[in-house]
Amino acid sequence: MTQRTVSTPDSELRAIGAQLTDAAPAGDAVRIPLRAPALQPEMVQLLSTEGDRIAHPNYCSTLDGATIAAAYRDMVFARRFDQEGTTLQRQGQLGLWAPLLGQEAAQIGAGYALAAGDHVFPTYREHGLALVRQVDPLGIMRLFRGIDQGTWDTVEHGFGLYSIVIGAQTPHAVGYAMGVSRDGTDDAVLCCLGDGAASEGGVSEAFNFAAVFDAPVVFFLQNNQWAISAPNTRQTAVPLHQRADGFGFPGVRVDGNDLLAVQAVTSAALDHARTGGGPVLVEAFTYRMGAHTTSDDPTRYRLAEEEASWRRRDPLERVRRYLQRHTDTPAEFFDQAQADADAFAARVRRDCLALPEPRVTDFYQHVYGELPDDLAVERAQVDEYLASFADAS
Ligand SMILES: Cc1ncc(C[n+]2csc(CCOP(=O)(O)OP(=O)(O)O)c2C)c(N)n1
Ligand SMILES: [Mg+2]
């Protein structure tokens with residue numbers, strides 16, 4: 001590792017230097033690595049994998065047993081919906097699906113932290129958050145079927161359209177948050193992004209604008225360890241929540257597989273933002289248990305042992321154990337939640353099969369109010385090409 005030599009009388013700095021280097025030289029000169037190794041940062045946890053509460057000096061969950069049971073049910077629904085999306089894609093009903101498997105606690109926890117007037121800027125994997133915000137699940141199916149790019153009422157649901165372009169939603173979220181504060185409301189904005197998105201230039205611009213203008217925005221970064229086949233270790237040399245330091249706002253890492261911790265930390269961050277404290281970066285440390293999308297094969301780039309180790313940290317299991325061991329949730333509740341989720345998925349499937357087939361040329365209609373001449377020519381060529389097939393109807 002490249003090192004530089006710094007002379008300092010500061011004993012604190014020397015202590016840090018001693019931690020970071022194998023052997024600090026004697027005297028005032030302390031060798032400090034130019035790039036500090038990624039120290040294992042503290043991660044907020046409020047629920048152990050066995051389902052027991054963990055005390056934390058700064059955060060505590062205020063959710064009662066009934067609300068945690070409702071959140072568990074939403075997690076079961078999110079997982080079941082996600083499974084149906086994957087199945088429908090495999091059966092040719094959807095063009096693509098981006099699984100959320102493993103990220104249920106992060107998304108439902110964040111969803112339960114939101115106030116009614118808050119606004120979410122999602123990526124393409126936010127199906128759990130979408131369900132909490134009462135977005136019509138069929139709207140998401142239409143998108144992945146290629147019919148449109150999302151038609152839900154973003155204002156009514158406080159939930160924007162999915163962004164497939166990595167990080168593109170982050171400057172929009174900050175601009176929206178700046179508008180919210182000019183409106184004088186106490187609403188806040190939740191801006192979703194992934195670990196890979198943190199490498200996009202636009203995300204740095206968004207962080208900086210948010211800090212400079214004290215925008216009421218919480219950057220909710222789901223670090224699911226992978227950006228397609230790029231591992232987190234190739235994405236960043238420091239823990240991602242520490243990026244916030246350099247921009248001048250707080251960052252915190254939370255166990256993203258811990259529903260209670262995500263809800264508590266995100267709720268505190270949103271309150272900080274809505275009361276004029278400016279932005280916060282919440283890094284939800286989690287794992288994408290499935291493929292990146294249905295076009296991806298993760299066995300090509302990661303080990304089965306890694307997947308198995310994260311399966312032991314399953315976010316649903318943890319909440320189920322808590323409810324069973326520490327609340328009076330009746331035993332039948334869990335079977336009922338699964339049965340209701342199965343019935344919900346069956347309705348989604350039935351409605352999805354009844355959706356129209358998208359036409360290739362439809363996308364020419366979705367960008368311009370009036371189609372430019374060159375695109376009109378191109379569309380005519382595509383029409384002609386499609387008509388050349390024997391089974392063209
Ligand atoms: C601007 C841009 N560059 C590249 C891509 C291709 N791409 C799609 S998903 C993805 C990885 C994103 O990883 P991350 O931000 O960690 O989100 P995750 O998929 O893990 O939820 C990339 C590079 C894209 N959609 N947009
Ligand atoms: Mg990722």
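View 1. The model is predicted: local features need pLDDT of at least 70, side-chain atom pairs count only at pLDDT 80 or more, and totals for chains, interfaces and linings use all residues. Residues are numbered from 1 along each chain as its sequence is written, while chains are lettered from A and ligands numbered from 1 in the order in which they are written.

**View 2. The protein chain as a whole.** The secondary structure of the protein chain consists of 14 helices and nine strands; helices (H or I, at least four residues) and strands (E, at least two) are DSSP runs, numbered from the N terminus. Of the 393 residues in the protein chain, 40% are buried. A residue is buried if 20 or more other C-beta atoms lie within 10 Å of its own, exposed if 12 or fewer, and partly exposed in between, with C-beta atoms placed from the backbone. Among contacts with a separation of 6 or more, 74% join residues 24 or more positions apart; two residues are in contact if their C-beta atoms, placed from the backbone, lie within 7 Å.

**View 3. Helices H2 and H13.** The axes of H2 and H13 are 9 Å apart and form an angle of about 35 degrees. Axes are lines fitted to C-alpha atoms, for helices over the stretch in contact, and angles run from 0 to 180 degrees between N-to-C directions. H2 passes H13 in a right-handed crossing; a crossing is right-handed if the near helix is turned clockwise from the far one by less than a right angle, and left-handed if anticlockwise. Residues making the contact include Tyr72, Phe77 and Glu84 of H2 and Phe333, Asp342 and Phe344 of H13. By class, the contact of H2 with H13 has 13 nonpolar, one polar and five charged residues.

**View 4. Asp342 in helix H13.** Asp342 lies in helix H13 and counts as partly exposed because it has 14 C-beta neighbours inside 10 Å. Asp342 and Glu84 are separated by 258 residues in sequence, yet by 9.4 Å in space, C-alpha to C-alpha.

**View 5. Helices H5 and H13.** Helix H5 (residues 137-145) packs on helix H13 (residues 332-353) at an angle of about 45 degrees, with axes 10 Å apart. H5 is therefore oblique to H13; angles under 35 degrees count as roughly parallel, over 145 as roughly antiparallel, 65 to 115 as roughly perpendicular and the rest as oblique. The crossing of H5 and H13 is right-handed. Pro137, Leu138 and Met141 of H5 meet Val348, Asp351 and Cys352 of H13. Five of these contact residues are nonpolar, none is polar and one is charged.

**View 6. The loop residue Ile54.** Ile54 belongs to the loop between strand S2 (29-33) and helix H2 (65-90). Ile54 counts as partly exposed, because 13 C-beta neighbours lie inside 10 Å. Beyond its neighbours within four places in sequence, Ile54 is in contact with Gln45, Leu46, Leu47 and Ser48.

Note on methods: Ala, Val, Leu, Ile, Met, Phe, Trp, Tyr, Cys and Pro count as nonpolar, Asp, Glu, Lys and Arg as charged, and the others, Gly among them, as polar.
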